[in-house]
Amino acid sequence: MSALWAIITATDPDIRNRSLDSFCEHASTSDLIAEAGDLEARRHSSDSLYDRVRALFFLYAIHRFHLPMRPESATSRSHIPYAGVERLLNRRYEEAISIFLAAQSAHGLGDGISSALASAYRGLAFQTLADQVRRSVRSVRGNQWMFRTGHPSDYALRLRRELLPSALGQPAPILHEATPVRMDLSHSGWSDIFFLGMDLPEGARVLNVSINLALHDTQSPKPPVEAYLRVIDRPVIRLVSVDLDASVEIRELQEIFDFGRDYLGLLKAAVIASGIVPAGLEGSDQPLADLLRQLTQREGLGLEIVSHVNNIPKGSRLAVSTNLLASLISVCMRATGQAASLTGQLAEPERRLVAARAILGEWLGGSGGGWQDSGGVWPGIKLIEGVRAMEGDIEFGISRGRLLPNHRILSSDEVTLKTRQHLQDSLVLVHGGMAQDVGPILEMVTERYLLRSAKEWAARREAGEILDEIIDELRRGDVGAIGRATQRNFDGPLQEIIPWASNLYTETLIREVRAKFGSAFWGFWMLGGMSGGGMGFIFDPVRKPEAQNALGPMMREVSQRLAGGVPFAMQPVVYDFSINENGTFAELLSGESAVLPDGYYNLMLPALLRKEQRTLSVNERADLERFSFRCHAASGAQERTRTFLNRLLPQAQNGNDRAETLQSLLHQYGFDPLQHERIQTELRAGQIGLAQNRLPASVTIEDVAPDQVFDATRGSDAKLRKLGEEALASGSVAVVTLAGGAGSRWTHGAGVVKGLSPFCRLAGKHRTFLEVHLAKSRRTSRAYNSPVPHIVTTSYLTHDPTDKLLKLENNYGYTGPLYLSPSRSVGLRMIPMVRDLRFAWESVPQQILDAQAQKVRDSSRAALISWAQQCGEGSDYTDNLPLQCLHPVGHWYEVPNIFRNGVLRNLLEAQPNLRYLMVHNVDTVGADLDAQILGRHISTGATMTVEVMTRRIEDRGGGLASVDGRARLVEGLALPSEDTEFRLSYYNSNTCWLSIDALLGVFGLTRADLADERKVADAVRALSARVPTYITIKDVKKRWGEGQEDIFPVTQFEKLWVDMTALAQMNCDYVLVRRMRGQQLKEPAQLDGWLRDGSADYVTGLCDFPD
Amino acid sequence: MQIRKAVITAAGPGQRTLPMQLLIDQQGSECSVLSLVVREASRAGINDVCIVVSPGDEEPYSKLVTQDSVRLTFIPQRDPRGYAHAVFCAREFVGDEPFLHFVGDHIYVGPESGGSARRLIDAATTAGCSISTVQITRENLLPYFGAIGGQPVQGKPGFYRIDTVLEKPTPTEAEQSLIVPGLRSGQYLCFYGMHVLTPAIFEILAELLSDSAQKRPSLSSALAILAQREQYLAMIHKGQRFDVGVKYGLFSAQLALAMHGRDRDKVLTEIIQVLATREQSEGSGQ
C-alpha cells in the first residue's frame, strides 16, 4: 500500500491527520508520481466517501502545488488535450482525468497537464461531495415520496380544513409563520460545512442562537422572517415576495420548476421542498389545477404564499435566506398536515424535517447553505453537533457522520436568563455593508480540511477549545470572557484556517473601535463565512448604548474611505436584537386580523385598482376593503396611505436626474458619440459581434517554435543582467501600471477600482495592488540608487479614487516620481444583441454547472434574452447608476494616452535619459524591473518584448501563436476555434517592455512631436484604425433594495494592446518567464492557491514596504 | 379466545339512507346493504349483532335485515361525536368479551368461501389477541384510511405485530413512522375496515372521550394506544371492500357482487353489449 493511501485509510487519528505537505516535502518526483498513480487506482475501489474524496484532494494538491514546482515540469511545453478540456467543461470528470493521464504518460510531466489534472480532480471531489449531500437529503425519510409522485392522482396531501373559507363568498384565513434568524455565537470554524459534519462529526459543533432583529432605533426586534399562506379563489399558485417587490401567478406545473426566470426561485423551491408540488411532478405535463383540486378537495381554489423579510439586507451572514426557506417550508407543511400543529411551535422531529427540506430547497434553487443555517427554526440557544452514522442511517458505511446534526437546546438552567440578558446588553450586531461571495471560502475550508496542513489542523483544534471555553463562560455568565474568546478566535484560528476571512475594512473597524472604547470593547465576533457583512462587537454593557450609536457613523466613514477598492453593496447598518425563545412559530389569522403586510398591498393592489370593480373576485374585493380600512382607521394609517400613493403615482424626477448625470459624465470623459453611433449601427447590422471577432478560418494558427521564445526561467545570463542593471542605474526605465480597469471578474461587475483593492495580507498588512507595485519600484530604486518613475494609468472610473487614496496614503511611502495618466476615452454600454448572447452562451464551450444550478442558470439566461429583446437589442444601456453605464475602451489606449495627456512629455523633460517602459497589468503582482529581461530587451533592439508563460488550463484568452508564419499574440476572442488555444504553449502575461523611441516611430512620432497635441492625437487615431475592435459581453451589477444585486450582460467594445504585435513595423521579442512572475490575479478564488504555492512569498520578496 | 358478538356502526350523519340501498347479491336475490353487512357477520358464525345507528333509524333498519338466525340489537348514538364514539356506544352490549367490528357502509367481497370475517375470527381465535385486517395500499390513498406500521410475525406470513397506527397520515408521516419491512416503497398497510378487538379498547376510548382536548377522537388513535398496551396484530386480507358512500361506490359494489355470483355471465354479456353499442354509434358517427 502506498504511503498516502495508508494515511487516508488509517484508523489511528495521529496517522490519519497527517498532512499531505509534510509527506511531499521529502518525497522525490518519482515517488510523487508513483503515489499519485496508486491513489488514482485505489480511489475507485473504496466505498467510503471520505476515502474517495480525500484521495481526490490529495491528487489535486499534488498536481496543483507539488509537481509544478519540480524542475521536471516547470517549463514543459506539453499541451493540454482539448478533448479532456471539453469533458471537463461538461463535468465528465472521470473521462477528462483518463485523457489527461494518458497525455501525461505519453509526453511526461508538465505544468499545463498538471493544472488540467488538478482542475479535474478538484471538480470531481466537489461533485462527489455534492452528489452525496443530494442523495442523503433525498433519502431522508419523509422526503422520498416527493420524488416518486409523478401524477396528480398519485398525490396524497390534503389542505387542512381550517384554512378553507368558512362559507361561500368569505375570504379564507391566513396562516402566518414568523421565524427568527440565527447567529453563530462561537463561529464554528466553518465546521458546519456538510462534508466536515459528515466526516468529523465529533469536531462539527456550533453554538447557535435564534434572534429577533430590527434596524437600530426603528422598532423593537421581532422575528425578521415571515411567511404567509392562504387559500385564494383561483386555481393557481400565487407567489409574492414583499421584500423583493415581485409576484407571479403560476398556472402551469412546469413554471414552478423554472427557478431563474424571476426573483421568486426561493418561494418555488419551498413549494417543491414542502411537497405541495412534489419534485417527481417535474416534466409530468399535468395541469396544476388537477393537483390543486386534490389538495383542496374543491374546484377552483388555489394557494397564495407570501414571503416577507423585515429590512434585513442580503449578505447579513445571519442565514436569512435559509431561514426564510425554512419558514416557507414550515408554513406549507403545517397547511398540509405534515406538521401536527397548525399553530404554535413545531415538534422536534418536525423541525428536523424542515431543516432537511431546507437543504433540499437550497439544492433545488441552486444555492447552498451550512448545516446550522436553519437554526432559526429551533428556539433560543442551542448546541448543534455532528452525529456519528449508526446502522440504519442512510449514511452508515458511506461517511462517519450523518448529514443532519443534532440540536440540543440549552435550558435556562444551563444558560440563565440573566446571562441571556447580559449578552443582549453587551453585543452590537451590525452589517458592515460588504456583500461578498462566500462560496470560494467554503470550498477552501473543505480543501484545507482534507489536506490537513499542520498549522490549519492545529487551528481547527484550537477553535474547538475556544468553543468549549465559550460554552463554559455562558454557563458562568461571563460575557466579557466570551468577547475575549471570540476575538481570540478571529485573530487566531479563524484566520489561520482561512486568511481571507478578514479584510482591511474589518481590521480598520476593530482598530478604531478599540481606540475609542479601550477596555470597554470586549471583543469582535465574525458571523458566517467571512467578515465585512454581518459582524458583532461586544462591549461593556455600560458603554453599549454609546457604542451602538457610534458604530453606524464609524462604519460609514471607514467604508467611504475604502469604497474605491472594496465592494460595498449597501450602507452599513446597526441592529437591535433579542434572543428568540420560540423558534419558528405560527398563528392563524382570521376575520378582521387576517391581513398581510402593508408591502403586499402596495405591490398587489395597484393592479386590482385598474380592474373593473364588477370583475373583482371575492378575495380581491376583500383585500381592497381591508386595506382601505387600514388606510382609514388602523394605526399608521397616514404613513400607509402616503406610501401607497407614492407607489401609484409615477416618479419621473429621478429618471431625469439620472439621464442628466449620465450625459454630463459622457461629456466629461471624452465620449465620442460618432464612434458610438457607428459601432451601434454595425452591431445592429451584424457587421460586428462576438462571432465577427474571430480571425477567418483560412488563417493558419500554429504553436511557435521553441527558438522563437527566449527562456528566462533557466539560470541567469550575466551579460544580459549587467546590461539591464546599467540601464536601471542610469534611470532609463519607467514602470507603467495599467490601472484603468474595474476588475469586473474580481467583484463580478461591482464597479470598484481593482488597483485599490486590499487583496491580500503581505508582510503583516493588507495591501492594495497599487501598494505592492509601488513597493517593488521602491525596492528597485533603492537597489540601483536611481528613482524609478512610475506611471499609473487610470480611467474615468479609477482616476479620482486612485488620486484620492494615493494622496491619503502619501503615495504608500513611494518617494520616486509618480504620475497618474488619466484616460481620454470612454464608451457607453449597450444592451446586447440576442445573437451575441446566444453565441456566448450556446456556441462557445463553457463550464456546465451542477445539474440543478445549471437548470437555474439556463432559466435565468432565457429571462435575460427576453430582457434584451424588450429593452431593444443594441440600444444604449442606461438603466443603472451612471458610472455603471460607461465602460473603458480597452487597454490599447492606455499607452497612447501617455503620449496624448502629456505624462510622457513631462517625464521625458524631467528625465531625458528615459528610454524604456515596462508596462504591466495591475493584477500581475509578480512583475518587476528584472535586470535580465530588461537586458534581453535592450540587446535585441526590439520595439516590444512580451513576457509569456507556459499555459495552464485556467489560462484562457489566447496566447503566443505563429499566424501565417509570423509570431504574434492572438487574443482569445480572435481565435477561430476553441481547441486552437490549447495547441498554443504560451500564454500572454500582459507584461511588456517598450523602447520609447521605436514605439513613437511606429506611431510616426518623435520625442519632439509630443508637444504637438494635435499631431499626437492624429497619429493615435490613425494607428487605432489599424487595430481590430472587439465586441465583448461583460457582466454589470445593478444594485437595488436591501443589498440585492442583479447581474446583467452588456455589450461593450475594446481595442487590445496585444494586437500591436500583429503590426509589421513592430519588432517584437518574446520571453518565457516563471508563473510566479507572470500570474495575473483575476478572481479572489485564485488567492488561496496563490498564497499556498509560494507566489505570495515571492511577491513579498520583491517588495520594500516602508512599514 | 371466543368471538360471539359483532358491532356494526351505521350512524354516519348524511349517510342514513345508505344501509337501505338495494343490491342483488351473489345468489341473484335483492337485499339491502345492511342485510349484506349483517350476513358477513352471520357467515362468520356470529349470532349476536349490535348496530349503532342515528336515533330514529332503529325501526327502518330493523326491517331491512332478513337473517333470522341473527339476534339484532340497535343502539342509538345520541351524541354525534364521530366514529370512535359510535364504537364506544356498544360497550355495554359487548361487555367483557372480544368482538368483531366493521362499518355499515362497506361491502366485503372476497375469495374466501366463509367470508372475510370468518377468516379474521379464525385468526383472532388462534392468536388470542386483537387483530385488524389490512390491505397493501398505495400512498396516494393514505388520505382515506388509517394505516399501521409494524414488524412481520415470524413464521406467520401475512401477519404483522402493530407498533404504530395513524389515521389518514400524510405521506411524510407515513414514510417516517409507518415502517413495514418487506413492503415496496410508497406502499403501506391500510385498514380494511374489519377488526377483532378486545374489550380493552373501551377503556382506551373512555379515556380519549373524556379528554376535553379531543372533540372527536379517532378509532385509529385508540388503536395506536391499544398497540402499546397489549399484543395487537394486523392480517393482510386479499379480498375487496367497497365503500358504498362514495361516488360510484354502490355501483362498484354491485359489479363486484355480480362478478363473484351466479349471474356473472349475464352481467358480463350486458356490459359487452353496452360497449359494443357505444363502439357502433361512435363508428357510425365518423
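## Getting your bearings

Keep in mind that this is a predicted model. Chain A comes with a domain assignment: domain 1 covers 3-139, domain 2 covers 147-579, domain 3 covers 604-644, and domain 4 is made of 664-830 + 873-1101. Between the C-alpha centres of domain 1 of chain A and domain 3 of chain A you'd count 62 Å.

## A pair of helices in chain A

Now zoom in on helix α22 (residues 598-609) and helix α23 (residues 618-632) of chain A, which pack with their axes 11 Å apart and at an angle of about 120°. That angle makes α22(A) oblique to α23(A). As for handedness, α22(A) passes α23(A) in a left-handed crossing.

Who touches whom? On the α22(A) side there are Y601(A), L605(A) and L608(A), and they meet E620(A), D623(A), L624(A) and F627(A) of α23(A). Sort the residues of this contact by class and you get five nonpolar, two charged and no polar ones.

## Chain B on its own

Chain B holds ten helices and 13 strands. Its C-alpha atoms fill a box of roughly 65 × 45 × 35 Å along the principal axes. A compact globule of 286 residues would have a radius of gyration near 19 Å, and chain B has 20 Å, so the two agree.

## Where the chains meet

In the contact between the chains, chain A brings 16 residues and chain B brings eleven. The chain B side that touches chain A splits into six polar, three nonpolar and two charged residues.

Methods
Residues are numbered from 1 along each chain as its sequence is written. Chains are lettered from A and ligands numbered from 1 in the order in which they are written. This is a predicted model: local features need pLDDT of at least 70, side-chain atom pairs count only at pLDDT 80 or more; totals for chains, interfaces and linings use all residues. Axes are lines fitted to C-alpha atoms, for helices over the stretch in contact, and angles run from 0 to 180 degrees between N-to-C directions. Helices (H or I, at least four residues) and strands (E, at least two) are DSSP runs, numbered from the N terminus. Angles under 35 degrees count as roughly parallel, over 145 as roughly antiparallel, 65 to 115 as roughly perpendicular and the rest as oblique. A crossing is left-handed if the near helix is turned anticlockwise from the far one by less than a right angle, and right-handed if clockwise. Two residues are in contact if their C-beta atoms, placed from the backbone, lie within 7 Å. Ala, Val, Leu, Ile, Met, Phe, Trp, Tyr, Cys and Pro count as nonpolar, Asp, Glu, Lys and Arg as charged, and the others, Gly among them, as polar. Domain bounds come from an automatic or database domain assignment. The radius of gyration is taken over C-alpha atoms; the globule rule is 2.2 Å times the number of residues to the power 0.38.
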